[in-house]
Amino acid sequence: MYRYYQRKNQNYKLSKDDIAGIQDLYGLPTNKKPIKIKKPYCDPGFDATIAIRGELFSFDSHKFWRVSHKGELVSPQEGHVASTFFRLLPTPIEAAYERPTDGKLIFFKGSYYYEYSDFYLNKFKQPISTRYPRIPHSGIDAVMTIPKTKKTYFFKGPFVWRFDERLKRVDRGYPTTTLKLWKGAPARVTSAFYINKRIILLSNDAYYIMKKKSSKAARIGKGKFSENVMRLRCY
């Protein structure tokens, strides 16, 4: 068997000796289909999603993806490396939001938060308790803010805390459960954001669209969040 061949026409056939040599090197042909591996952002879902000026940024492991206000994916399918844009960001993160009072991007990991102005680091590894009293200091599952009211919602297990960003304190009557606050909401929220006057809660890769009136049941989004909203391929 030769190491390479000159270009031949489509009907050219290899000799038995060549075929035997190829099979000796690479094994016999198989009819098995290649195994498809589901992307981690599809199962169990993104670590965090932030709405920034009408655009969505979804983080998973050490990468993030961005969808424009037109609903178009403007990141490559393989995503961007988060630390390339957000210097010293400790990935994977657990939650993130854009603070409505000053526009700072706040990332949470464990008992600490990290503050950025756009892509520039302002505060590194600050204890949650120094800025967010009465919010679980051991870490949170998700966070979401409503810019108009300056209220931020922190999620941990089945509970939610509403935090007043101007007064820097948890509102009276909180914590409560997610199910009591929004009818039809998931029992456990893994990510959340507010966009186009809508509250979106995620539980793994399923997403729930909250109604303006809390007495009305939430609408479950069609399909997977990663595919239908973030425009990504799961396989």
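The model is predicted, so local features need pLDDT of at least 70 and side-chain atom pairs count only at pLDDT 80 or more, while totals for chains, interfaces and linings use all residues. Residues are numbered from 1 along each chain as its sequence is written, and side-chain values use heavy atoms, with hydrogens and water left out.

**Overall make-up**

- The protein chain has five helices and 17 strands. Both are DSSP runs numbered from the N terminus: helices are H or I with at least four residues, strands are E with at least two.
- Of its 235 residues, 41% count as buried. Buried means under 20% relative accessible area, exposed over 50%, and partly exposed in between, with a 1.4 Å probe and protein chains only.
- Among contacts with a separation of 6 or more, 40% come from residues 24 or more positions apart. A contact means heavy atoms within 4.5 Å.

**The open sheet**

- Four strands make an open sheet in the order β1-β2-β3-β4, with antiparallel pairing. β1 (48-52) and β4 (80-81) are at the edges with a single partner strand each, so one side of each has no neighbour in the sheet.
- Two strands pair if DSSP finds at least two bridges between them. β1 and β2 (residues 55-60) are antiparallel over five bridges.
- T49 stands opposite S58 in β2.

**Two hairpins**

- β7 (residues 112-117) pairs with β8 (residues 120-127) in the antiparallel sense, over five bridges. Y116 has L121 in β8 as its bridge partner.
- Two residues lie between the strands of the β7 and β8 hairpin, where D118 takes a positive phi near 55 degrees.
- β9 and β10 (residues 151-156) run antiparallel, joined by five bridges. A142 stands opposite F155 in β10.
- The hairpin of β9 and β10 has four residues between the strands, and K150 takes a positive phi near 60 degrees.

**Buried places**

- In strand β9 (residues 142-146), five of the five residues are buried, so the strand is largely enclosed by the rest of the structure. A142, M144 and I146 are on one side, V143 and T145 on the other.
- W182 sits in the loop between α4 (178-181) and β14. Its relative accessible area is 7%, so W182 is buried.
- Beyond neighbours within four places in sequence, W182 is in contact with M144, Y153, F155, I199, L201 and M210. W182 and M210 are 28 residues apart in sequence, yet 7.1 Å apart in space, C-alpha to C-alpha.
- D171 belongs to the loop between β12 (169-170) and β13 (176-177). D171 counts as buried, at 10% relative accessibility.
- The D171 side chain makes a polar contact of 2.9 Å with that of K151, and another of 2.6 Å with that of R162. A polar contact is a pair of N or O atoms within 3.5 Å; within protein, one must be able to donate a hydrogen and the other to accept it, and residues adjacent in sequence count only if both atoms are side-chain atoms.

**The largest pocket**

- The largest pocket holds about 440 Å³ of space. A pocket is an open set of points on a 1 Å grid over the protein atoms alone, where a 1.4 Å probe fits, with protein on both sides within 12 Å along at least five of seven lines. Its volume is the space filled by probe spheres set on the points, which are joined across faces, edges and corners.
- The lining has 19 residues, with L56, F193, I195, N196 and V229 nearest the centre. Lining residues have an atom within 4 Å of a point.
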